[in-house]
Amino acid sequence: MCGIIGFTGKKEAQDILLDGLASLEYRGYDSAGISYFKDTGKISIRKTVGKVADLRAICDDENNSTCGIGHTRWATHGGVTNANAHPHKSGKVSLIHNGIIENYHELVETYDLKDQLISETDTEVAAALFNKLYDGNPEAAIQKAVKLFRGSFAFCILFKDQPGTIYAVRNVSPMVATYCEDGSFIASDLTAFIAYSKRYFIVPEYHILTLTEKGIVLKDLEGKEVTPEYLEVSWDVTAAQKEGYPHYMLKEIHEQPAALTRTIAPRIKDQLPDFSEDNIPDSLFEHCTDITIVACGTAMYAGTVGRTFIQSTLHLPVTVSIASEFRYEEPVITENSMVIVVSQSGETIDTLEALRLAKKYTKKTLAIVNVKGSTIARESNYVLYTHAGPEIAVASTKAYTVQIASFYLLACKLGLVLGRIDEKSAREFIGMLQKTPDSIETILKQAESVEHLTKRMIHAQDAFFIGRGLDYTLSMEGALKLKEISYIHAEAYAAGELKHGTIALISEGVPVIAVATQKHVYSKVISNIREVKARGAYVILLSKDEKITDKSICNVHIRLPETPDAFTIFDSVVIFQLIAYYASIGKGFNPDQPRNLAKSVTVE
Ligand code: F6R
């Protein structure tokens, strides 16, 4: 939700800001803007509705400023207009913001700011308040202002009479910073300045940062200086680039074998799951009576796979909650319940709040998170990092498969600790998990044939994904992928449930993507497929059968590799991702930046 960047240093700022914004664009692309100090000491703003490329087109080629801030917006308060685009300006202040100031109406009334506002945004109110409280001492104004805000915020602020200096402060909304030989950088996430530094620190909440060409000073709200805790990432700028692929999404789909290997390999010792390097003790799993999995969107669907797998193999009660509902549905959690939250970004606010609530009931909280040092990772009692590398495309792909692999590793460990599986079967299971990257490689070789079959789908208004058991849980992710990037209305149904209503929507030519890989329900799924086929559906069937020529079953058959039932989902989901990707580009859309969406959802 909104990407922010600031730079002050020895180099010209404009390209650093624009390139940084381009890499943050997955956070929002409704409008973009920069503000910077001119040599006259004045602050200049350029902003426009549209993408970073539109902003670049209106920027001044001659701009040699070495200090500025930039923003890419995902609209919350106020429509997509130039006036609502950031940066905002009020008196001596120009600022950018990620988050929501919930009490902005109250602040307008209390501090009589109405006449100073030209936009509909909460951010402009914040700018007006900072300006009102500013008497030449930026830190004092920030100290006073942040105590008045209710909500989430990451601000980068320029004060007109403090040239060359950026001030920043945050609560909840993420921000990282670094000082390196080129100067001082601050951004919503590291991808924005990874080309300059692999070292960074997470900006602590309610601390004031002063960034200059010479360094960064970090102080708490009492004015006491604090030493930033620097971290270092193992990936570099190429991981955040397209590397020859036309879109990030396609690149990330192809990165899945490597991401899986990185996630699985360090957790295996002696062919058994081992989390000692993650500091996850066996005691976490001991006496576990039940599991609640909480997450949003794709991460929640990965949790649904986790639930079906754990419950059916370990006979342990597992529930999955949508994070935004969890807090309001009186969750039943005891001290022996384990709560697993799942989040690629580690910043999704609903998931974070769910975790905070869960911690009131149990110490057995575990986060499956991709972004190192993110808020959810820091606040959870235990963390299992997925090592997918940066995921830039808005639609999640590689994060989903590594989340499922994490659930499989956890399930295996849990089964051993609770004595529900023996070491021999655990070793066999781990051996099969280790083969998933190779199996996905085989699927990726068929990418072109998937492209071909989507040509039939792009004119569809609706599509259905059906399956049973693990195939059903997977279908939910298939439907989400298709609708979010191709805008074809798609729904997932447990194959046996269709005839209880939804089958009324099946008419001539409606695409139904059916999955039949689970032996124990295979014949039942095939019967369900026949039911839709008989009503005119255009059926694409994914199964491990050698060949299906029976036209009363399907129009197209995609043969999956002969992997054990619990593992075919890794192959099927890659087909789903490719279907969604090619449907999106077939319809002329940009799959990396679907309309209305942003990758990291930091508003409730
Ligand atoms: C869909 C997608 C979203 C995210 C969801 C949770 O492709 O990416 O549904 O999965 O917003 O995000 P994280 O995992 O960052 O908490």
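How many salt bridges does the structure hold? The structure holds 24 salt bridges (a side-chain nitrogen of Lys or Arg within 4 Å of a carboxyl oxygen of Asp or Glu). This is a predicted model, in which local features need pLDDT of at least 70, side-chain atom pairs count only at pLDDT 80 or more, and totals for chains, interfaces and linings use all residues. Residues are numbered from 1 along each chain as its sequence is written, and side-chain values use heavy atoms, with hydrogens and water left out.

**View A. Arg-56 pairs with Asp-19.** The two side chains form a salt bridge at 2.8 Å, N to O. Arg-56 lies in helix α2 (residues 52-58) and Asp-19 in helix α1 (residues 13-24), so the pair ties together parts 37 residues apart in sequence. Helices (H or I, at least four residues) and strands (E, at least two) are DSSP runs, numbered from the N terminus. Arg-56 is partly exposed, at 34% relative accessible area. Asp-19 is partly exposed too, at 41%. Buried means under 20% relative accessible area, exposed over 50%, and partly exposed in between (1.4 Å probe, protein chains only).

**View B. Arg-267 pairs with Asp-278.** This salt bridge spans 2.8 Å, N to O. The pair links distant parts of the chain, eleven residues apart. Arg-267 sits in the loop between α7 (256-264) and β15 (268-269). Asp-278 sits in the loop between β16 (272-273) and β17 (290-295). Both Arg-267 and Asp-278 are buried.

**View C. Asp-350 pairs with Arg-327.** Their side chains meet in a salt bridge at 3.7 Å, N to O. Asp-350 belongs to helix α10 (residues 349-358), and Arg-327 to the loop between α9 (323-326) and β19 (337-343), so the pair ties together parts 23 residues apart in sequence. Asp-350 is buried, with a relative accessible area of 11%. Arg-327 is partly exposed, at 23% relative accessibility. Elsewhere, salt bridges that share partners join Glu-243, Lys-251, Glu-255 and Lys-398 into one network.

**View D. Helix α16 packs on helix α18.** α16 (residues 470-486) and α18 (residues 568-586) pack at an angle of about 15°, with axes 8 Å apart. Axes are lines fitted to C-alpha atoms, for helices over the stretch in contact, and angles run from 0 to 180 degrees between N-to-C directions. The two helices are therefore roughly parallel. Angles under 35 degrees count as roughly parallel, over 145 as roughly antiparallel, 65 to 115 as roughly perpendicular, and the rest as oblique. α16 passes α18 in a right-handed crossing. A crossing is right-handed if the near helix is turned clockwise from the far one by less than a right angle, and left-handed if anticlockwise. Contact residues (heavy atoms within 4.5 Å) include Leu-470, Leu-474 and Ile-485 of α16, and Ile-569, Phe-576 and Tyr-581 of α18. By class, the contact has eleven nonpolar, five polar and three charged residues. Ala, Val, Leu, Ile, Met, Phe, Trp, Tyr, Cys and Pro count as nonpolar, Asp, Glu, Lys and Arg as charged, and the others, Gly among them, as polar.

**View E. Helix α7 packs on helix α14.** α7 and α14 (residues 436-444) pack at about 175°, with their axes 8 Å apart. They are therefore roughly antiparallel to each other. From α7 come Gln-256, Pro-257, Leu-260, Thr-261 and Ile-264. From α14 come Thr-436, Pro-437, Ile-440, Glu-441 and Leu-444. Six of the contact residues are nonpolar, three polar and one charged.

**View F. Helix α4 crosses helix α5.** The axes of α4 (residues 122-133) and α5 (residues 138-148) come within 9 Å and cross at roughly 135°. That makes α4 oblique to α5. The crossing is right-handed. Leu-129, Phe-130 and Leu-133 of α4 meet Ala-141, Ile-142, Lys-144, Ala-145 and Leu-148 of α5. The contact has seven nonpolar, no polar and one charged residues.

**View G. Surroundings of Asp-462.** Asp-462 is found in strand β22 (residues 462-467). Asp-462 is partly exposed, at 28% relative accessible area. Leaving out residues up to four places away in sequence, Asp-462 touches Ile-488, His-489, Val-510 and Pro-511. Leu-505 is 43 residues from Asp-462 in sequence and 8.9 Å away in space, C-alpha to C-alpha.

**View H. Surroundings of Asn-528.** Asn-528 has its place in helix α17 (residues 522-533). At 3% relative accessibility, Asn-528 is buried. Not counting residues up to four places away in sequence, Asn-528 touches Arg-468, Ala-495, Gly-496 and Lys-499.
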